[in-house]
Amino acid sequence: MSNSFIVECLDCGNRSSFSIAQPACPACGSLWREARYDLNGLKNRLYDLVKQRPFDIWRYQELLPLSAPNRSISLGEGGTPLIHATNLGMMLGNPNLFIKDERQGPTASFKDRQASITVAALKEANIHEFVIASTGNVAISYSAYAARASIKLWAFLTSLVPAAKMREVAIYGTQVIKITGSYDQAKQVASDFARQRGLSIDLGARTLTCIESMKTIAYEVAEQLAHLQPSSSGPWRAPDWYIQAVSGGMGPIGVLKGFRELYDMGLIDKVPKIAAIQAEGCAPMVHAWKQNKDTATPVQHPQTLIATLATGNPGRTYSLLRQKMLENSGGTIESVSDAEAFRAMHYLAKMEGFSVEPAAAVAFAGLVKLVRNGVIAPHETVVINCTGHTMPIERNILGEGWSREVTLPSSMEEGNEEGLLAALTKVSVDRFPRIAIVDDNPDVRRLIRRILQTQGNYTLFEATNGREALTIAKNERPNLIILDLMMPEMDGFSVIQELEKDPETSQIPVIVVTAKELTPAEKDRLRGHIQTLMQKGDFLSDELLDEVRALLG
Ligand SMILES: *Cc1c(COP(=O)(O)O)cnc(C)c1O
Ligand SMILES: [Zn+2]
């Protein structure tokens, strides 16, 4: 079947047909063009059409800028899971956080959408050679699809790209050209090279297939949320927020276009707000957004370790993103520090089981900032794009002391299992600090247990009410008690009183973790009797750990 879509020039309004071989507007030469589909014709059919198809990017073929889907180059792109982030949600006090796990694409980043659709368009146009500039992931993804489609690929990489990613590009047979300089400089060299040789090149937001591929994230999310949070408003469902770490800003432009198309077809009842998050040391869009300007001043020398996000000059992509945000539900553009992103990598891995690359962690650090600043409200549904996997484990992320070494005596070398076990048990003979977790809510106990487990060196006791807590305090002599206040039978206030009466337990430090806003009178009751007061839904794993470590001395 052939698709009916038309390409409209954003500068002169000219409407024409599309081939990736002729990227410029035939009337004015502009490269800023957008695909338009017959949304009216599709609106009553789309829901039933896609139902019968596999859950991957080709499911939405009527809304892709191709004359036909091309499964022959497919590596299983799209169709990534949307995962409820329950632990992160508990820590932040926001129960409706969902992670769109783009790490599960074939080359472990959301660039697989861009590369698969663009390579399919190159095949349709009979093009066998292509040029890209990249901060790493674009090159890896295009390399895989170019290999499958027998396209020669030239990749211009900034020298900031970690060596592990460079190797990944090279193994696919791509011609790697390393540019000692910034990403913006690498882009310039690549585009000069393409022009001189008359080759096609990926120009990010100006390459129409890129935006069109990114919008499939919106379609998938809308379908997945409808399953996870069924509602009566429209067959599919949009979140209140879509959060993504941005470099050039192409992802959110595409995602916004996708949600808008669904909205125009009546499949969702709103277009989400966008939160685009940049690294503080390279945040031209944040500066412009906060000053209400529609053009961004380029950052000449990005100061961030996160090479993936080092676009210093977003150019017109920023203006387009801002315009689309303002035309729809708005949102915000915010920045976080590298340190905040590295910290987010740790709690995501330890608390949700997601090992992500620093660039993806920027989105999560941004989420924390926006929730804490009250920009994102506790009841809102938030989808966070988990854009890429941890490929290179950089030294500055893991730090020292992440493993325990067991040195075996030489006699055990030939697989003496008993000896090995004995050596391993030696690791735990040191007396670990003992901590009692007291809470009637099993989810809270599980969360706190998990936070303490990530340190690996506490002996934990759990109590579900005040009486059990007192028994544990007497019999087990914990070094610390983490106590809930509101519990049936005997509440936290009474537990504290009883502990103080007994000289054997009166010296045990207490951290109160409460769901309740305390009245001044209640705060007075606690003052001098506990060491720390923390609010449920308002602390991250490492913040609790800092308190615990400080009290255990
Ligand atoms: C490309 C990339 C980004 C930034 O994407 P844009 O939408 O183009 O700004 C973020 N995270 C990862 C992992 C990426 O590969
Ligand atoms: Zn034009």
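Is Ser150 buried or exposed? Ser150 is exposed, with a relative accessible area of 57%, where exposed means over 50% relative accessible area, buried under 20%, and partly exposed in between (1.4 Å probe, protein chains only).

1. Basis of the note. This is a predicted model, in which local features need pLDDT of at least 70 and side-chain atom pairs count only at pLDDT 80 or more, while totals for chains, interfaces and linings use all residues. Residues are numbered from 1 along each chain as its sequence is written, chains are lettered from A and ligands numbered from 1 in the order in which they are written, and side-chain values use heavy atoms, with hydrogens and water left out.

2. Ser150 sits in the loop between helix H5 (137-149) and strand E7 (152-158), helices (H or I, at least four residues) and strands (E, at least two) being DSSP runs numbered from the N terminus. The phi of Ser150 is near 55°, a positive value in a residue other than glycine. Glu489, likewise not a glycine, has a positive phi of about 70°; Glu489 is exposed, with a relative accessible area of 68%, and belongs to the loop between E16 and H18. Most residues other than glycine have a negative phi.

3. Zinc site. The zinc ion (ligand 2) is coordinated at 2.3 Å by the SG atoms of Cys9, Cys12, Cys25 and Cys28, where donors are N, O and S atoms within 2.8 Å of the metal (3.2 Å for Na, K and Ca) and sites may look incomplete because water is not among the atoms. The 4 donor atoms subtend angles of 103 to 114° around the zinc ion (ligand 2), which makes the arrangement tetrahedral; four donors count as tetrahedral if all angles lie between 85 and 135 degrees. Along the chain these donors follow the spacing C-x2-C-x12-C-x2-C. Cys9 lies in strand E1 (residues 5-9) and Cys25 in the loop between strand E2 (15-16) and strand E3 (33-37), so the pair ties together parts that are 16 residues apart in sequence. Both Cys9 and Cys25 are buried.

4. Domains. The domain assignment gives domain 1 (72-109 + 208-386), domain 2 (111-206 + 395-407) and domain 3 (426-552), with bounds that come from an automatic or database assignment. The C-alpha centres of domain 1 and domain 2 lie 22 Å apart, and 39 residues of domain 1 are in contact with 32 residues of domain 2, contact meaning heavy atoms within 4.5 Å.

5. Nonpolar cores. A nonpolar core is a set of buried Ala, Val, Leu, Ile, Met, Phe, Trp, Tyr and Cys residues joined through side-chain atoms within 4.5 Å. In the largest one, of 85 residues, Tyr142, Trp236, Phe259 and Ile333 touch the most other members; its largest share, 11 residues, comes from helix H8 (residues 208-228), and at least three residues come from each of domain 1 and domain 2. Apart from this core lies another, of 56 residues, among them Ala344, Ile384, Val444 and Ile482. Leaving aside neighbours within four places in sequence, Ile333 has contacts that include Ala276, Trp289, Tyr318 and Met325.

6. Thr216. Thr216 is placed in helix H8 and counts as buried at 0% relative accessibility. Thr216 and Arg113 are 103 residues apart in sequence and 8.1 Å apart in space, C-alpha to C-alpha; beyond neighbours within four places in sequence, Thr216 is in contact with Ile57, Tyr60, Leu64 and Arg113.

7. Glu357. Located in the loop between helix H12 (338-352) and helix H13 (358-372), Glu357 is buried, with a relative accessible area of 4%. Not counting residues up to four places away in sequence, Glu357 touches Asn137, Lys165, Thr308, Met345, Gly388, His389 and Thr390.

8. Asp484 and the annotated span. UniProt places the feature "domain: Response regulatory" (unreviewed entry) at residues 434-552 and "modified residue: 4-aspartylphosphate" (unreviewed entry) at Asp484; such annotations may be inferred rather than shown by experiment. The end C-alpha atoms of residues 434-552 lie 10 Å apart, and the span is 44% helix and 19% strand. Asp484 is in the loop between strand E16 (480-483) and helix H18 (492-501) and is buried, with a relative accessible area of 3%. Leaving aside neighbours within four places in sequence, Asp484 is in contact with residues including Asp439, Asp440, Thr514 and Lys536.

Notes. Tetrahedral: all angles 85-135°; square planar, octahedral: opposite > 155°, others 65-115°.
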